[in-house]
Amino acid sequence: MKFNGYYLDMKSWERIPEEHVKTYVKICEYAGKDFYRRIAKRIAEDIGKNPKREIKLLDIGTAHGMLLYEISRLVEGTYIGIDCTLEFSKYFKKYTKDKARFVAADAYRLPFKENYFDYIVSTGVLHGLRCPDFFFEEIYRVLRYGGKALVVDPTPLKMEVSEAKKILDENELRIFMTYREQNLKFSGSEIPSTFEKEDIEAVLKNFEKNINFSVKKEDCVLTIFIEKHSATQCKGSRNKKDAKELIKEFIEVPEYRKRIEKIIAE
Ligand SMILES: C[S@@+](CC[C@H](N)C(=O)[O-])C[C@H]1O[C@@H](n2cnc3c(N)ncnc32)[C@H](O)[C@@H]1O
């Protein structure tokens, strides 16, 4: 299978604006290491000490790839990160030290065949998605039978303003403060608000015969763990045309559009 193609076909709502990417990378480098290491350790435990073969692992919304690098230090395998923000690809190369491959792609239309990955991870992505159900359907589709998926949302990166001042320049600090204020306004916390546990459980119930799952929400952070165990068709799966319609529908919901426009304008 070829991974080098250009698979991006989506509106720009969920991309991180180019001029914000550097700020995000700096913050993650400064405040994210413990988080990425903790997640990598958990994944290594889930995979087990002696997997029968080299594992294939996908990180959805990988950004700079810091998490993939931490995983690659613990587990042998092939690592692929997908993201719709192309600007991250140069940072990805640097942070993964060429141990993983960056693919420009949309989480709703993963450019991989069915039953392919042994493990799928995604951190800090879910809260920004218009269609969580289709995101999980794609995870389900490309995960192999017996495979596992871990979704953690949002990435609980917290940084004091005094710390931010030490590492960010004036423009980056302005971007940091804008995001911080938005988060405080919308979720009362420095980290963005994510879905309720019940919303995600309702989505995953569509797959009930085919997966085991657990959903936890602690300190505003959702942790979703999925094991795919059966080869039968999932109840929830839609065809691509329906998915496109659904996405269009979400963008056209006036409240949603207003909220996004407000965020962008502020
Ligand atoms: C907050 S960042 C999280 C990055 C990284 N996983 C982490 O934990 O630090 C969210 C990332 O998801 C990506 N993203 C959002 N929606 C996406 C979509 N529909 N398809 C692919 N990537 C998406 C963004 O471009 C961004 O890089």
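Keep in mind throughout the tour that the model is predicted.

Next, step back and select residues 33-47, which form helix α2. The helix has 15 residues, and from its first C-alpha to its last it reaches 21 Å, close to the 21 Å expected at 1.5 Å a residue.

Within α2, colour Phe35, Tyr36, Ile39, Ala40 and Ile43, the buried residues of the helix. They lie on the same side of α2, because the arc they cover around the axis is only 130°. An α-helix has 3.6 residues a turn, so residues three or four places apart point the same way.

Now turn to the other side of α2 and select Lys33, Asp34, Arg38 and Glu45, which are exposed there.

To see what lies over the buried residues of α2, display α3 (66-72), β4 (117-123) and β5 (143-153), which are included in the cover.

From β4, go on to glycine 124, in the loop between β4 and α5 (132-142). Is this glycine buried or exposed? Glycine 124 is buried, because 24 other C-beta atoms lie within 10 Å, and the cut-off for buried is 20 or more.

Setting aside neighbours within four places in sequence, glycine 124 is in contact with Gly61, Asp153, Pro154 and Thr155.

Terms used
Residues are numbered from 1 along each chain as its sequence is written. This is a predicted model: local features need pLDDT of at least 70, side-chain atom pairs count only at pLDDT 80 or more; totals for chains, interfaces and linings use all residues. Helices (H or I, at least four residues) and strands (E, at least two) are DSSP runs, numbered from the N terminus. The expected span of a helix is 1.5 Å times one less than its number of residues. A residue is buried if 20 or more other C-beta atoms lie within 10 Å of its own, exposed if 12 or fewer, and partly exposed in between; C-beta atoms are placed from the backbone. The arc is that of the directions from the helix axis to the C-beta atoms. Two residues are in contact if their C-beta atoms, placed from the backbone, lie within 7 Å.
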